Each structure stands twice: as C-alpha cells, then as structure tokens.
Amino acid sequence: MAQVATTNSNKNSEYKRLLSKYGIVLVFIFMVILMSILSPSFLSYRNLMNVVRQISVIGIISLGVTLVIISKGIDLSSGSVLALAAVIAASFGQTADWAAKMYPNIPELPVIIPVLTALLVGALCGTINGTFIAKTGIPPFIATLGMMVSARGLALLYSDGRPVSSLTDSYKWFGQGYVLEMGSFKGIPVPVIIYIIMIVITWVMLTQTRFGKNIYAIGGNVHAAEVSGINVKKNLIAIYAYAGLLAGLAGLLMSARIDTGQPGMGVSYELDAIAATTIGGTSHSGGIGTIWGCVVGALILGVLNNGLNLLGVSAYWQQIIKGAIIVGAVVIDMRKNNKKH
C-alpha cells in the first residue's frame, strides 16, 4: 500500500510539474478552440495570418522586454522608441517626388539606409537606458520612464508633430510584402518572417551563449553574479541596447505597414509587450523566463484581441479583460515563486 501511495504521489507531482511548465500552452489551445466555436471565421487562413501579422510588432518588442525582465529590470520606453525610430527612418525612406518631403535636396535613398537608421536609433536609445541604469544605479523604472517621455518628445520635435508620409515601395515591402507566393497561396507576410527570425536569434542568444547565461545570473542574484566574475554593467548595457534595437525594428515594420512614420504611434505598446512577457511566464522577480513562453504570451494576446473584435466586444471591455489576465498571470507567478522559496 505504501508503495502504491508513493507511486501516486510521484505521478501527481509529475502532473503538477507539467501543468506548471506547459499550462500557458493549454490556455492558448483552449482560447483557440473557444474562439473558433464562438466565431466560425476565426480559423480562416486570412484571419489567422492577420492575427500573426498584428502581433509581429508587439512580439518583436516583447522579445527584448523578456531579456530585460529576466535581468530583473523593466523597459517602459519601447513604444516611444518605436515612434522615434519610425519617424527618423521614414524621413530617409520617402519617395523623391513627394511634395512634403522632409529633405527635398536628398535623392531617393537605398532602403538599407532607413533600415539601418531605425536599428541604430533604437539601439542608441537602449544603450542610453542601459548606461544610466548600470553606471548611475538609477532604477530601471525611472530610467526608462525618462526615455519614454524624451523619445516621444524627440519624435514630435523631429517630425514637427506631423506624419512622415509617401514611403518608397522597397520600404513598404517590410510591412506589406509577402514571401513564398505560389498560385492561389498568397504567401507569408514579411513581418511574420522577420518575427520568426528574431525569435530564433533571441532564443539562441538566451540559451546557447554566455551572454544568455549572464542574463539569468544577473536576474537571479546580481551580487552573486558580480562575485562570480560577470561584468554586470557591461551586460546590462548590452541587454537594454538589444531591447532598443528590437523596438527600432518594430518601428520600421509598423511605419512600413501603414506607409507613414507617425510621432504618435506605439502608445502603450510597452505595456502590451510587458503583458505578453508576463503572461508567458517570465518572472518579475528576475532569473526566470523563456522565449517560447514570450511567444505564446504574444499569441494569447493576439488571439484575445482578434477574438473579442470578431465577437463585437467593446474596446473598453477588452482593456478590462486584458488587465485582469495580466494581474492573474502575476498572481500565479508569485505563488509559484513562493512555493519554490
């Protein structure tokens, strides 16, 4: 009898461990099944591609935010950095014959120029965030809050508060193009391909490199990381610089999709990115989190937004539901961590 009780106990522990590890995937599957029952058009190829394309921008930002939160930080500036990168990159990607071109004396530039501009602007903002946090000891919340306000102001100042329109076809391809088009198959949206590439790069960075191990070590115990020889300041700057670079890339994709760089774009995107990361199981206590969890978190947000839109749920109720899910995810995270301690 004692042996049977021990076997049952081990099985229960194994079920709990699997539920704890893959529970978020079960939630996602449940939501897909529920939405497909409530709305027959949900599972159509067109709608599913629309969902994935819509989450690409938030998904790319949330990859960087995941690294930041694993290191026990926070990044409130990604939405504003997205807007700043978008307006500056768009100003170098306008067609030559546009009457309201920002730089009328500059000829039409190769698309690589606005692409590199968006990445550099994002990385520079992230580097400033990381430098303030690492060198001065300012809490990440305050440093990135300052960048959030400053980057939005710079975007308005640079564009004079107006949209930067009329982008070249090669620029718009990043947001509106498709690849692998064959016959009646329209192909896969370019933003989705770029999102997948960035998922792979970030996953390799986090799981297969010393830099990734350092991120977990810093988030787990920063003092122990310093004692073990990890250059915490250098790694923190690199973490925030990478998060900024991804925000800049998201700005490029978003401006390309809507054919304009607007200083007001990306408002509250940082909160959606934090929400996706939190729902995906990344702990705000630091040292815990995965890229696949972040991706599932972004998918859950995308399915939730799309499904509620299809069902005609008010945008106000959508915000309330999203907020409740975020709080629920944090409560579950805290309970899991308390049990571990």
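This is a predicted model: local features need pLDDT of at least 70, side-chain atom pairs count only at pLDDT 80 or more; totals for chains, interfaces and linings use all residues.
Trainee: Why is Cys125 called buried?

Mentor: The relative accessibility of Cys125 is 6%, and buried means under 20%. Cys125 therefore counts as buried. Its place is in helix H4, residues 112-136.

Trainee: What does Cys125 touch, leaving aside its neighbours within four places in sequence?

Mentor: Cys125 is in contact with Val81, Leu84 and Met147.

Trainee: How many disulfides does a search of the whole structure find?

Mentor: The search finds zero. A pair of cysteine sulfur atoms would have to lie within 2.5 Å to be given that name.

Trainee: What makes Cys294 a buried residue?

Mentor: Cys294 has a relative accessible area of 0%. The label applies under 20%, so Cys294 is buried. Cys294 is also one of the contacts of Leu63.

Trainee: Which other residues does Leu63 contact, beyond its neighbours within four places in sequence?

Mentor: Tyr195, Met198, Ile199, Thr202, Leu246 and Ile291 are also in contact with Leu63. Leu63 belongs to the largest nonpolar core, where it is among the residues with the most contacts. Ile61, Leu67, Leu82, Ile194, Tyr195 and Leu236 are listed with it.

Trainee: How many residues does this core have, and which helix gives the most to it?

Mentor: The core has 88 residues. Helix H10, residues 232-258, gives the most, with 15 residues.

Trainee: Why is Ile218 described as buried?

Mentor: Its relative accessible area is 4%. Since the limit for buried is under 20%, Ile218 is buried. Ile218 is found in helix H8, residues 210-220.

Trainee: Which residues does Ile218 touch, not counting those up to four places away in sequence?

Mentor: Ile218 touches Ser71, Ala225, Ile230, Val232, Asn235 and Leu236. The C-alpha atoms of Ile218 and Lys233 are separated by 10.0 Å, at 15 residues apart along the chain.

Trainee: Why is Leu26 called partly exposed, and not buried or exposed?

Mentor: Leu26 has 48% relative accessibility. Buried means under 20% and exposed means over 50%. The value for Leu26 lies in between, so Leu26 counts as partly exposed. Leu26 lies in helix H1, residues 2-38. Together with Ile29, Ile33 and Ile37, Leu26 makes a nonpolar surface patch of about 390 Å².

Trainee: How do you know that Asp169 and Lys172 form a salt bridge?

Mentor: The closest N and O atoms of Asp169 and Lys172 are 3.6 Å apart. The name requires a distance within 4 Å, so the pair qualifies as a salt bridge. Both residues lie in helix H6, residues 169-176, three residues apart, about one turn of the helix.

Trainee: Why can such pairs of side chains form?

Mentor: Side chains can pair when they have opposite charge and their charged atoms come close.

Trainee: Why is Asp169 called exposed?

Mentor: Asp169 has a relative accessible area of 61%. Exposed means over 50%, and Asp169 is therefore exposed.

Trainee: How many salt bridges are found in the whole structure?

Mentor: A search finds two. Besides the pair in H6, Arg162 forms a salt bridge with Asp160, and the closest N and O atoms are 3.6 Å apart.

Trainee: What makes Asp160 exposed?

Mentor: At 56% relative accessibility, Asp160 is over the 50% limit and therefore counts as exposed. Arg162 is exposed as well. Asp160 is found in the loop between helix H5 (140-159) and strand S1 (164-165). Phi of Asp160 is near 60 degrees, a positive value in a residue other than glycine.

Trainee: Which residues does Pro163 touch, not counting those up to four places away in sequence?

Mentor: Pro163, found in the loop between H5 and S1, touches Thr260, Gly261, Gln262 and Pro263. The C-alpha atoms of Pro163 and Asp259, 96 residues apart along the chain, are separated by 9.8 Å.

Trainee: Why does Lys72 count as exposed?

Mentor: Lys72 has 53% relative accessibility. That value is over 50%, so Lys72 counts as exposed. Lys72 has its place in the loop between helix H2 (45-70) and helix H3 (78-91). Its phi is near 70 degrees, a positive value in a residue other than glycine.

Technical notes:
Residues are numbered from 1 along each chain as its sequence is written. Side-chain values use heavy atoms; hydrogens and water are left out. Buried means under 20% relative accessible area, exposed over 50%, partly exposed in between (1.4 Å probe, protein chains only). A nonpolar core is a set of buried Ala, Val, Leu, Ile, Met, Phe, Trp, Tyr and Cys residues joined through side-chain atoms within 4.5 Å. Helices (H or I, at least four residues) and strands (E, at least two) are DSSP runs, numbered from the N terminus. Contact means heavy atoms within 4.5 Å. Patches are made of residues with over 30% relative accessible area and no salt bridge: like charges are joined within 9 Å, nonpolar side chains (Val, Leu, Ile, Met, Phe, Trp, Tyr) within 5 Å. Accessible areas come from the Shrake-Rupley method with a 1.4 Å probe; for residues, only the protein chains shown count as cover. A salt bridge is a side-chain nitrogen of Lys or Arg within 4 Å of a carboxyl oxygen of Asp or Glu.
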